[in-house]
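Subject: Structure handover

Hello,

Here is the structure I promised to pass on. Please open it first, then read my notes below.

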Amino acid sequence: MTIDELRLLDVLQDRIINLKLHIANGNPALKKPLLLLLILSRLEHSHSPTNEFPYAALEEPLASLIERFGGRPVTHGPKPEQPYYHLDQTLWAVHNLPADLQVSRARTPSAKQCRTTWASLPEDFFRLLASSTEARHRLADVILDNWWPDTLHDDIRARLGLEASRRELFAARATRSRDFVEAVLTNYDHRCALCGFNARFRGSGFGVDAAHIRWHAHRGPDRLENGVALCKLHHWGLDSGVLTIRMDHTIQISPQLSTHDVHSRRLFTELQGSRLLSPRSRPPHHDFLNWHHVFVFRGDIFSSSAAP
Ligand SMILES: [Zn+2]
């Protein structure tokens, strides 16, 4: 990228990081960051060769992203028209709205009203993102690092067909607190606190992570009370909302999970109601457990209803 392009990317990153997100029950709604990732994905795959993003083309993929990665609670359906209409006036303009709606920014038009509209990026941002793969990938890294834990990045990228720019990824990971990792692993004797997995490979522990209960990307602190040692599978399960830890430190498994063989049942379904391994010192704090239960855990019965 040229110096001018790098400067422009800096401005764009800054605006995105400072994006005003809707707050529901004290937690930011992740709909706007998901819309941005979807825009990047459409540019990556040349679905938007011109600077026109019709709502009708974004509606269904955005609804499905919100259902899967939008955090909770998604009440009354995913409502993709909300981030589409309210994204940010310095980043996104919606065109062809019904005339009586253009005077009010406070009210969200219905999905039906949005279907005749299209949106555009500011022309300089569009040119940069349409032409530079590096710019798209770096921006996707920034968005993912800012709002989701590492364990979910690959899932979100895979869904959108977006690759990582490895350089950014390594830089972000290196900044994570090594003290936190060591303290959490020691607190659980390097075992997965759910299944007890504990193994060494060539003299070093492997396959057990220090997981944040309240995501680091959502002001989850590097504190022992916000950490739990988990094997890779259960770390992914915690961050994806497949399981949660109740206030009494028993495990709860999402009713949306179906397991079809004895091994999968042993690894997940049969953990329902079992107790978290006792740590040496401070156990998880109920504030962080409560955040996870409300924001991440998929405790409701699966509903396939997509857009309203
Ligand atoms: Zn485990």
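A residue is called buried here if 20 or more other C-beta atoms lie within 10 Å of its own. Gly-227, Ala-229 and Cys-231 point one way from β9. Val-228 and Leu-230 point the other way, and all are buried. In a regular strand the side chains alternate between the two faces of the sheet.

The chain averages a pLDDT of 88, and 91% of the residues score at least 70. Residues 304-308 are the stretch to watch. There pLDDT stays under 50, and the model has 14 contacts beyond four places in sequence for them. Where pLDDT is low, the predicted coordinates should not be read in detail.

The whole chain

The secondary structure comes to 13 helices and 11 strands. The radius of gyration is 21 Å, close to the 19 Å that the globule rule gives for 308 residues, so the chain is as compact as a globular protein of that length. Its C-alpha trace spans about 60 × 45 × 35 Å along the principal axes. Of the 308 residues, 36% count as buried. Take the contacts with a separation of 6 or more: residues 24 or more positions apart account for 70% of them.

Back to β9

What does β9 pair with? Its partner is strand β8, residues 208-212, and the two pair in the antiparallel sense over five bridges. Gly-227 in β9 is the bridge partner of His-212.

Ala-229 sits in β9. Why does Ala-229 count as buried? Because Ala-229 has 27 C-beta neighbours inside 10 Å. Leaving aside neighbours within four places in sequence, its contacts include Val-184, Leu-185, Tyr-188 and Cys-192. Val-208 and Ala-210 are also among them. The C-alpha atoms of Ala-229 and Phe-295 are separated by 20 Å, and the two residues are 66 apart along the chain.

Two helices

Phe-295 leads on to helix α13, residues 286-295, where it is one of the buried residues. Seen down the axis of α13, the buried residues fall within an arc of 160°, so they line one face of the helix. What covers them includes β2 (27-28) and β10 (243-245).

Helix α1 covers residues 3-17. Its 15 residues reach 21 Å from the first C-alpha to the last, close to the 21 Å expected at 1.5 Å a residue. Leu-8, Leu-9 and Leu-12 are buried in α1. They cover an arc of only 100° around the axis, which puts them on the same side of α1. The buried residues of α1 pack against α6 (123-131) and α7 (133-147). On the other side, Ile-3, Arg-7, Asp-10, Asp-14 and Ile-17 are exposed.

A three-stranded sheet

Three strands form an open sheet in the order β3-β5-β4, with antiparallel pairing. Which strands are at the edges? They are β3 (53-54) and β4 (93-95), and each pairs on one side only. β4 and β5 (residues 118-120) pair over three bridges. Ala-93 stands opposite Ser-120 in β5.

Best wishes

Methods. Residues numbered from 1 in each chain as written. Predicted model: local features only at pLDDT ≥ 70, side-chain atom pairs only at ≥ 80, totals over all residues. Helix = DSSP H or I, 4+ residues; strand = E, 2+ residues; numbered from the N terminus. Expected span 1.5 Å × (residues − 1). Buried ≥ 20, exposed ≤ 12 C-beta atoms within 10 Å, placed from the backbone. Arc of directions from axis to C-beta. Contact = placed C-beta atoms within 7 Å. Pairing = 2+ DSSP bridges. pLDDT = per-residue confidence, 0-100. Rg over C-alpha atoms; globule rule 2.2 N^0.38 Å.
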